[in-house]
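Me: I am new to this structure and would like to learn how to read its sheet and its charged pairs. Could you take me through them slowly?

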Amino acid sequence: MAAPSRRLVLMGAGGIILATVLQSRHVFHHRTQIATDGKPRRVRLAWPESDYDPLLWLCQQGLFGRYNLQVDIVEVGGGNSAIDAVQNGRADAALSPLLDWLPALYQDDAEDLPAKLACGVRGGSYRLLVRRDLKLHKVADLAGKKIGVMSLEGADRRFVSIQLRRRGLHPTDSVHWVAIPADDMADALRAGELDAVAVHDPMGWRILQQTKGISWNMLDSMTGAERERIDLTLGIATKALAQDPGLAAALTATLSDAQHEFPAHRDELALLWDKDKDAPDDAKGMLDREITSHPVTGHPLRVQVEQYVDELKLLGLMQDADNATDIAHRICLPV
């Protein structure tokens, strides 16, 4: 069993939301629920960057137990690492951005898929932070600039690459991508070693606070049309599904409840983070920007997968001849 995240231990010790949840069962407002079989289960769930994730915290305050889930969190560094945990048999399920799931799954035949997608949990929190002194005004102005990313094969780069491609820039040749640890991004922006960084919250919010007056948020996925799209997505290992077909519904129901209840606990959670010296500054400001969309399953999930497939074709990560509808039906579960 993976050790609990230190951040989650700190938040649990705060007790503000914990007392509310445990003492008032009605706090989770009932609505039309996903049908589950109620069987007890022990599950290994890979959750990338679990520190300061409000949905995981809510799940661990009683929602996993509501659906008879005993969950061992497999802590991983990012979306691709979470997918690797499923592929290598270290996890039964994982949460990862769709922009990481799709390149990992689409080439596999239906019989050989390592995982299938059950639900889109929430929208993304991507940010493109640009140095103010460059006096750039739009994404197209980034031609020839250096953009830092944590991974050259990660969702942050793919999200920004799609935006570049939409604006007529070649996503590889028009800019210079630089792999750099997130902890070094703020210093690199201050020193002028990077012109911009493509990153996601909570790291993106932390860097934005650390570089006030130096960087600005040129682009993000929390406003405009991007706000309506899902990003973080639950995938279930096909081996786990074969052994336990009801697993996907139980996990999806849990995550659905957590997303539904998050807005009611936003302020309490911000108070907990304010007491943690390692938490991002102005935690309430970040949480207020957290997208509160409802989880997406079934046909709506397949529609969004098709849209992402068409965008990944723009990057050359999928072939133009690939049928987006066929891919979506192959890799998505009918939860």
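This is a predicted model: local features need pLDDT of at least 70, side-chain atom pairs count only at pLDDT 80 or more; totals for chains, interfaces and linings use all residues.

Me: In what order do the five strands of the open sheet stand?

Reply: Strands of a sheet pair through backbone hydrogen bonds, either parallel or antiparallel. Here the order is β7-β6-β8-β5-β9, with mixed pairing; strands (E, at least two residues) and helices (H or I, at least four) are DSSP runs numbered from the N terminus, and two strands pair if DSSP finds at least two bridges between them. Because β7 (176-179) and β9 (215-220) each have a single partner strand, they stand at the edges, and one side of each is left without a neighbour in the sheet. From one strand to the next, the twist averages 30 degrees, where axes are lines fitted to C-alpha atoms, for helices over the stretch in contact, and angles run from 0 to 180 degrees between N-to-C directions.

Me: In which sense do β6 and β8 pair, parallel or antiparallel?

Reply: Strand β6 (residues 146-149) and strand β8 (residues 196-200) are parallel, joined over two bridges, and isoleucine 147 stands opposite alanine 196 in β8.

Me: Which strands does helix α8 lie across?

Reply: Helix α8 (residues 203-210) lies across β5 (126-131), β8 and β9, and runs at about 25 degrees to β5.

Me: How many salt bridges are found in the whole structure?

Reply: Side chains of opposite charge can pair when their charged atoms come close. The search finds 22 salt bridges, each being a side-chain nitrogen of Lys or Arg within 4 Å of a carboxyl oxygen of Asp or Glu. One of them joins aspartate 187 and arginine 190 at 2.5 Å, N to O; these two are three residues apart in helix α7 (residues 185-191), and therefore separated by about one helical turn.

Me: What does lysine 284 pair with?

Reply: Lysine 284 forms a salt bridge with aspartate 267, the closest N and O atoms being 3.8 Å apart. Aspartate 267 lies in helix α11 (residues 266-274) and lysine 284 in helix α12 (residues 283-288), so the pair ties together parts that are 17 residues apart in sequence. Lysine 284 also meets aspartate 288 in a salt bridge (2.9 Å, N to O).

Definitions and conventions
Residues are numbered from 1 along each chain as its sequence is written. Side-chain values use heavy atoms; hydrogens and water are left out. Contact means heavy atoms within 4.5 Å.
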